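Take a moment with the sequence and the model. We will go from the overall fold to a few single residues.

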Amino acid sequence: MDARTEELRAVLAAYKTVMDACRPDLHPNMARRSAQWSSADEAALRNELADYVREASRPNCGVRVFWKTGDDFRYAGCNEHFARDGGMPNAAAMVGLDDFDKRFPWRNQAAKYRKDDKAVVATGKAEPMIIERQATPDGKVIWLRTGKAPIRLAGGKVVGILGMYEVVDEATGLRLFSTQLRKTS
């Protein structure tokens, strides 16, 4: 199996992990289709991932999807909603950048995001409920309900993280954040 095919399988598996924990209604046919990933070739896997990302980019879907790879957690892909949150013209413009890029409105939160990413990689466990704030391109601060999962190759090596989030209102964000703080104290 070539490296790119293996990585695509790992990205899809991480996507499914986060989706199952955070938004099981997002792609109702993913469970059935995931059974075919082990025998699919690179082109089929690439198309499968593109289909899910495209579905999560529909105007009536408020889910943001992104994945980062490598030791420096550079973006390897995302949906269009996520790119707009980053102030970028499209998803392709995100590839190769990291959270510390001066163009991102969330660059001041980048250290926190990196800490969360490193924890997911170090433990190899998904974090389905991270409540956090994020700056927007217009200077506002919004609350997010985020889930992250490790991108794990067949041999067990974790090569990145996949995240999915949705914006929640301030009251919900504060309530969930307060609950999260109590659990970690």
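A residue is called buried when its relative accessible area is under 20%, and exposed when that area is over 50%. Keep that cut-off in mind. The model shown here is predicted.

Start with the fold. How many helices and strands does the protein chain have? There are 6 helices and 5 strands. Their order along the sequence is α-α-α-β-β-α-α-β-β-β-α.

Next, the overall dimensions. The C-alpha atoms fill a box of roughly 45 × 40 × 35 Å along the principal axes. The radius of gyration is 16 Å. A compact globule of 185 residues would have a value near 16 Å, so the chain agrees with that expectation.

Now look inside. Buried residues account for 50% of the 185 residues. Contacts also reach along the sequence. Take the contacts between residues at least 6 apart in sequence: 49% of them join residues at least 24 apart.

The accessible surface is about 9400 Å². Carbon and sulfur atoms hold 52% of that surface. As for charge, the chain carries 30 positive and 25 negative side chains. The centres of these two sets lie 4 Å apart.

One backbone detail deserves a stop. Find Phe-73 in the loop between strand 1 (63-69) and strand 2 (74-78). Phe-73 is not a glycine, yet its phi is positive, at about 50°. Is the residue buried or exposed? Phe-73 has a relative accessible area of 5%, so it counts as buried.

Finally, the cysteines. A disulfide is a covalent bond between the sulfur atoms of two cysteines. To count as one here, the two sulfur atoms must lie within 2.5 Å. How many disulfides does a search of the whole structure find? The search finds 0.

Cys-61 itself is buried, because its relative accessible area is 5%.

Technical notes: Residues are numbered from 1 along each chain as its sequence is written. This is a predicted model: local features need pLDDT of at least 70, side-chain atom pairs count only at pLDDT 80 or more; totals for chains, interfaces and linings use all residues. Side-chain values use heavy atoms; hydrogens and water are left out. Helices (H or I, at least four residues) and strands (E, at least two) are DSSP runs, numbered from the N terminus. The radius of gyration is taken over C-alpha atoms; the globule rule is 2.2 Å times the number of residues to the power 0.38. Buried means under 20% relative accessible area, exposed over 50%, partly exposed in between (1.4 Å probe, protein chains only). Contact means heavy atoms within 4.5 Å. Accessible areas come from the Shrake-Rupley method with a 1.4 Å probe; for residues, only the protein chains shown count as cover. Lys and Arg count as positive and Asp and Glu as negative; His and the chain ends are not counted. The place of a charge is taken as NZ of Lys, CZ of Arg, CG of Asp or CD of Glu.
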